[in-house]
Each structure stands twice: as C-alpha cells, then as structure tokens.
Amino acid sequence: MAQPKVSIIIPVYNAEKYLERCVESVRHQSLEDIEIILVDDSSNDASPQMCDKMAEEDARIKVIHKENEGAGKARNVGLQFATGKYIGFVDSDDFVERDMFKVLHERAETYNSDLVMSGVLFVDGNMFSEAGGCVRKTYFTEDTHFETAEEIKKLRFGIIGALPGDADDSKYGMSIWKNLFKTEIIKKNNIFFRSEREILSEDALFMVDYISCITRATGISDAFYNYCRNGESISKGYKKDRFEKSLVFVKEIKKRFDNGATPEEYRIYIYRFWQAMCRVLCSQEIMNAENEHIKYTDLRRRLKDVCSHSLTVSALKAYPIGKLPLGQRVFAYGVKYRLYFLLKILVRLRSR
C-alpha cells in the first residue's frame with residue numbers, strides 16, 4: 001500500500017457527544033489520501049464502539065484502544081502507528097474545514113517546509129464570551145517563511161510569547177492542531193508529548209522541541225481548525241493544579257531556550273507568557289469561585305498565590321506593561337498591585 005500523504009491523529013476520551021462530527025469532518029477532507037488514527041484512551045462511554053464502527057465503514061481509519069494516560073500519551077501512541085509523510089492532530093471535540101489538510105499539504109510540498117502553520121476559528125468564542133459566536137484568528141497576512149537560524153530561533157520564542165507591542169500573547173499560536181508536521185523529523189529526533197497530567201501546554205512544548213529540529217517553516221493566512229468551547233472538555237475546563245503545572249512548563253521552556261540563546265534574548269517572551277498565564281489563572285479562579293460559591297477569603301488566598309509568586313513579581317516588574325493592549329494592561333496592573341476586587345470586576349465585565 002502506498003504511503004498516505006497525511007496521518008491525522010485524534011485522541012479520544014469520553015467524546016461520544018462530539019466524536020462523529022469530528023471524524024466526519026476529517027473523513028470528508030478534499031485531500032482523500034490520508035489515514036485517520038483514533039486512539040481510544042479507555043473511554044467509559046460509547047466512544048470505543050463508535051471508533052470501531054467508523055473503522056468498519058472507512059478503511060483509512062485505524063483504531064487503537066489503550067489504557068487511560070491522557071491526551072498527550074495517546075498522541076504518542078498514534079505517532080507510533082502513523083505511516084503518512086506528514087502528521088496532523090485534531091482533538092475529538094473539535095472539527096476541521098474541508099480543505100484544511102489539502103492546503104497545508106500543498107504548502108508543505110510547494111515550499112519544502114518542515115512545518116506549516118495556519119489559524120484557528122474559535123467556535124462559541126473564548127472562555128469569556130457568549131455561546132453562538134465565532135472568532136477567526138490568523139497569525140500571518142501572507143505566506144511567511146522562516147529559514148535562517150535566527151528566524152527559526154525567533155519562531156520558537158514567538159510560539160511561547162510575544163513582544164510588548166504585539167496584540168496577542170503568543171505571536172504565532174501555541175497549539176499543535178492548526179499545523180502540519182513532517183513524520184520523519186518527529187521520529188528521527190524522538191519528539192514526543194509530555195503528559196498534560198504533569199505539565200501545562202504539552203502541545204506548546206512539543207512545538208518548541210519540533211521547531212528546534214527543522215530548517216524551514218511556513219505560516220499561511222488561512223484558518224481551518226474549529227476549536228470548540230466545551231465545558232466538559234478535559235483541555236478547556238478549570239484545573240485546580242494549573243498554577244503548579246504552569247511553573248513546571250516555564251522551567252522546561254527555559255531549559256530548552258538556554259540551549260542556543262541567552263536569557264536576555266528570550267526573557268521578554270517568557271514574561272509575556274507569564275503575565276498572560278496570570279490573567280488566565282486569576283480569571284479561572286474567579287469564575288470557578290462564583291460557579292462553586294467559594295468564599296471570598298478562599299478565593300483571595302488562591303489569587304495571592306499567583307500574584308505574589310516570585311516569577312509573577314519579576315515578570316511584571318521587568319515587563320513594559322504600558323505597551324500592552326488596554327485590556328491586558330489593566331489586568332496586568334491589577335495582578336501586579338494585587339487588586340483582587342478589581343480583577344473580579346474585570347472578569348465579570350469580560351464574561352458578560
């Protein structure tokens with residue numbers, strides 16, 4: 001059998017509500033020469049049976065049933081079975097536009113790129129917005145190439161953070177699922193996912209590791225990936241240990257950036273990431289406290305843990321907060337000066 005052009009790996013865990021929509025969007029891609037790898041992570045709903053039935057209906061679908069270890073390790077298992085020239089990732093509660101993998105594959109082949117990056121469609125907006133909306137986010141206005149050592153180094157920095165004048169906290173987007181990767185590079189360099197049970201943003205860490213092994217990347221202006229806001233999702237809900245996992249993530253990123261760059265080069269990007277993470281951490285704590293009727297004294301203690309941490313103090317002391325977009329700037333001042341009531345008001349305003 002000829003090698004598929006793209007292997008698309010979909011980790012599955014208790015996804016019966018969304019799984020058919022996801023897989024159908026991949027099955028009906030305009031690029032037909034693909035393989036679809038469904039990795040069932042010991043789901044306890046109807047997902048395993050749905051996966052098996054889909055495989056009976058489409059010979060391009062492979063199903064792997066494994067013990068429950070989380071999405072990161074499920075993707076690793078999928079990588080072991082992937083035979084395509086390129087790799088794509090889709091989460092089981094999201095879906096993709098029909099031409100996604102055709103366009104990404106064409107760009108990869110045309111430009112001989114090891115990585116092709118696109119944009120994302122936030123279905124139902126973000127965690128602060130009302131249901132029913134859709135926000136289109138792209139990171140490039142035209143086909144943009146990264147090929148010198150300096151450009152690729154800056155690309156790694158820009159996955160994690162951004163410069164003060166940039167509107168977004170990540171210049172190029174941290175997530176894997178909007179991109180296309182070369183299988184050979186992943187396997188040759190033994191690149192794999194850490195467990196999200198150990199570290200925040202295991203996909204961003206994968207991106208940084210992967211980019212360190214490539215010679216050419218391309219960003220395009222299209223957006224194909226529908227990221228769906230879903231309170232039941234593993235990846236999109238409140239996590240009590242997010243703060244601790246985010247500190248582990250920063251430690252791992254610094255370790256990687258130190259190999260080939262100086263702290264003076266990358267510190268500003270990590271500080272931008274951290275002030276953004278403080279915004280997420282504080283916002284989720286405030287929203288969770290309201291939903292769970294947690295006492296203000298307990299909420300204040302959780303917020304203080306974030307706002308008074310040494311990394312937070314250093315990041316907000318050194319970062320030019322005044323250059324941030326207005327909303328980010330006000331929130332950053334609230335974190336810096338530990339104005340917890342102001343943070344509550346800001347979160348309420350944004351969540352209306």
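These legends accompany several close-up views of one predicted protein model.

Residues are numbered from 1 along each chain as its sequence is written. Because the model is predicted, local features need pLDDT of at least 70 and side-chain atom pairs count only at pLDDT 80 or more, while totals for chains, interfaces and linings use all residues; side-chain values use heavy atoms, with hydrogens and water left out.

**View 1. The whole protein, to get our bearings.**
The protein has 13 helices and 10 strands; these are DSSP runs numbered from the N terminus, with helices (H or I) of at least four residues and strands (E) of at least two. Its radius of gyration, taken over C-alpha atoms, is 20 Å, close to the 20 Å from the globule rule for 352 residues, so the protein is as compact as a globular protein of that length. That rule is 2.2 Å times the number of residues to the power 0.38. Along the principal axes, the C-alpha atoms fill a box of roughly 60 × 45 × 35 Å. Of the 352 residues, 54% count as buried, where buried means under 20% relative accessible area, exposed means over 50%, and partly exposed lies in between (1.4 Å probe, protein chains only). Contacts (heavy atoms within 4.5 Å) also tell us about the fold: among those with a separation of 6 or more, 79% join residues 24 or more positions apart.

**View 2. Inside the largest nonpolar core.**
In soluble globular proteins, nonpolar side chains tend to be buried together. A nonpolar core is a set of buried Ala, Val, Leu, Ile, Met, Phe, Trp, Tyr and Cys residues joined through side-chain atoms within 4.5 Å. The largest one here has 105 residues, and those with the most contacts inside it are I10, F101, L115, I160, F181 and F249. Helix α9 (residues 263-292) gives the most to this core, with 12 residues.

**View 3. Around L115.**
Which residues is L115 in contact with, leaving aside its neighbours within four places in sequence? The list includes L155, N179, L180 and F181, along with M207, Y210, I211 and I214. R216, A217 and T218 are also in contact with L115.

A pair of aromatic rings is described by the distance of the centres and the angle of the planes. Rings of Phe, Tyr and Trp (its six-membered ring) pair if their centres lie within 6.5 Å; planes under 30 degrees apart count as stacked, over 60 as edge-to-face and the rest as tilted. The whole structure holds 21 aromatic pairs. In one of them, F181 and Y210 have ring centres 5.0 Å apart and planes at 85°, so this pair is edge-to-face. The pair links distant parts of the chain, with F181 in strand β9 (residues 179-182) and Y210 in helix α7 (residues 202-211), 29 residues apart. F181 is buried at 0% relative accessibility, and Y210 is buried at 0% as well. Ring pairs link F181 and Y210 with F89, F193 and F206 into a cluster.

**View 4. F243 and W274, a tilted pair.**
Here the ring centres of F243 and W274 are 6.3 Å apart, with 45° between the planes, and the pair is tilted. F243 sits in helix α8 (residues 242-257) and W274 in helix α9, 31 residues apart. F243 is buried, with a relative accessible area of 11%, and W274 is buried at 0%.

**View 5. Charges over rings.**
A charge sits over a ring if NZ of Lys or CZ of Arg is within 6 Å of the ring centre and within 35 degrees of the ring normal. R75 lies over the face of F193, at 5.1 Å from the ring centre. The charged end of K137 sits over the ring of Y139, 5.2 Å from its centre.

How many disulfides does the count come to? With a disulfide taken as a pair of cysteine sulfur atoms within 2.5 Å, the count is 0. For C51, the nearest cysteine sulfur is that of C22, 9.7 Å away; for C282, the nearest is that of C307, 4.0 Å away. C51 is buried at 0% relative accessibility, and C282 is buried at 0% too.

**View 6. Two serines in loops.**
S42, in the loop between β2 (34-40) and α2 (47-57), has a phi near 60°, a positive value in a residue other than glycine. S42 is partly exposed at 31% relative accessibility. S201, in the loop between α6 and α7, has a positive phi near 50° and counts as buried at 19% relative accessibility.
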